[in-house]
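Subject: Structure handover

Hello,

Here is the structure I promised to pass on. Please open it first, then read the notes below.

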Amino acid sequence: MTDKIDNLDNENKSDNQDDVSANPNRRRLLVMGAVATSAVVTVRPAIAQTSGSVLNCEIPVAGSHGYGKNIAPDGTLVAPDTEGSFQHNGRRYKARDIQRALRGRRTLPGTNYDQSRAYVNYIRRLRSGQSGFTCFASLQYRR
């Protein structure tokens, strides 16, 4: 009989131990949930701020690597005496102006249609390490 009582006591102790060990897990999950919720609330404004700053970045047309060269209609840098090419004006265009021009809605400020197309083609050809590439890349991957 005492064996049965001992067994019941052991079962009750193990049940109590499970309850005690389960509570910290529940508490931990609740705390993690609260932390995750506050992180989401904190990150959302940062994302909104980032997307706003993306539209304020600038891209120079024919940055320092294009000094003394013209821009062909296909966007490549060519010698200054190349027929049909456009002399770059060294101007920096805002991302929102470039975005509109990329979508075909407007020309870049201070340019005619053909010149704007050549400049936009130049911007599309930007590669890592060139002035304005980071700004252009952020326009491409913006959500």
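One cut-off before the findings: a residue is buried under 20% relative accessible area, exposed over 50%, and partly exposed in between. Please also keep in mind that this is a predicted model.

**Salt bridges**

Start with the charged side chains. Side chains of opposite charge can pair when their charged atoms come close. The structure holds three salt bridges.

Arginine 92 and glutamate 58 form one of them, at 3.2 Å from N to O. This pair links distant parts of the chain: arginine 92 is in strand β5, glutamate 58 is in strand β1, and they are 34 residues apart. With 47% relative accessibility, arginine 92 counts as partly exposed. Glutamate 58, at 31%, is also partly exposed.

Glutamate 58 meets lysine 94 as well, in a salt bridge of 3.5 Å, N to O. Lysine 94 lies in strand β5 and glutamate 58 in strand β1, so this pair ties together parts that are 36 residues apart in sequence. Lysine 94 has 34% relative accessibility and counts as partly exposed. Together, Glu58, Arg92 and Lys94 are linked in a network of salt bridges.

Arginine 100 and aspartate 97 also meet in a salt bridge, at 3.6 Å from N to O. Both sit in helix α2, three residues apart, so about one helical turn separates them. Arginine 100 is partly exposed, with a relative accessible area of 33%.

**Aromatic pair**

Next, the rings. A pair of aromatic rings is described by the distance of the centres and the angle of the planes. Searching the whole structure gives one aromatic pair. The ring centres of tyrosine 93 and tyrosine 119 are 6.3 Å apart and the planes are at 45 degrees, so the pair is tilted. Here too, distant parts of the chain are linked: tyrosine 93 is in strand β5 (residues 92-94), tyrosine 119 is in helix α3, and 26 residues separate them. Are these two tyrosines buried or exposed? Tyrosine 93 has 1% relative accessibility, so it counts as buried. Tyrosine 119 has 0% and counts as buried.

**Disulfide**

Now the sulfurs. The whole structure was searched, and one disulfide was found. It joins cysteine 57 to cysteine 135, with 1.8 Å from S to S. Cysteine 57 is in the loop between α1 (2-54) and β1 (58-60), while cysteine 135 is in helix α4 (residues 133-140). The pair links distant parts of the chain, 78 residues apart. The torsion about the S-S bond is about 70 degrees, so the disulfide is right-handed. Both cysteine 57 and cysteine 135 are buried.

**Largest pocket**

Last, the empty space. Rolling a probe the size of a water molecule over the atoms shows where empty space is left. The largest pocket holds about 150 Å³ of space. Which elements each supply at least two residues of its lining? They are α2 (95-102) and α3 (113-124). Helix α3 gives the most, with six residues. The lining includes Leu102, Arg105, Tyr113, Val120 and Arg124. By type, the lining residues divide into four nonpolar, four polar and four charged.

**Where to look first**

Then go to the buried tyrosine 93 in strand β5.

Best wishes

Note on methods
Residues are numbered from 1 along each chain as its sequence is written. This is a predicted model: local features need pLDDT of at least 70, side-chain atom pairs count only at pLDDT 80 or more; totals for chains, interfaces and linings use all residues. Side-chain values use heavy atoms; hydrogens and water are left out. A disulfide is a pair of cysteine sulfur atoms within 2.5 Å. Helices (H or I, at least four residues) and strands (E, at least two) are DSSP runs, numbered from the N terminus. Buried means under 20% relative accessible area, exposed over 50%, partly exposed in between (1.4 Å probe, protein chains only). On a 1 Å grid over the protein atoms alone, a cavity is a set of points where a 1.4 Å probe fits but cannot get out, and a pocket is an open set with protein on both sides within 12 Å along at least five of seven lines; lining residues have an atom within 4 Å of a point. Grid points are joined across faces, edges and corners, and a volume is the space filled by probe spheres set on the points. Ala, Val, Leu, Ile, Met, Phe, Trp, Tyr, Cys and Pro count as nonpolar, Asp, Glu, Lys and Arg as charged, and the others, Gly among them, as polar. Rings of Phe, Tyr and Trp (its six-membered ring) pair if their centres lie within 6.5 Å; planes under 30 degrees apart count as stacked, over 60 as edge-to-face and the rest as tilted. A salt bridge is a side-chain nitrogen of Lys or Arg within 4 Å of a carboxyl oxygen of Asp or Glu.
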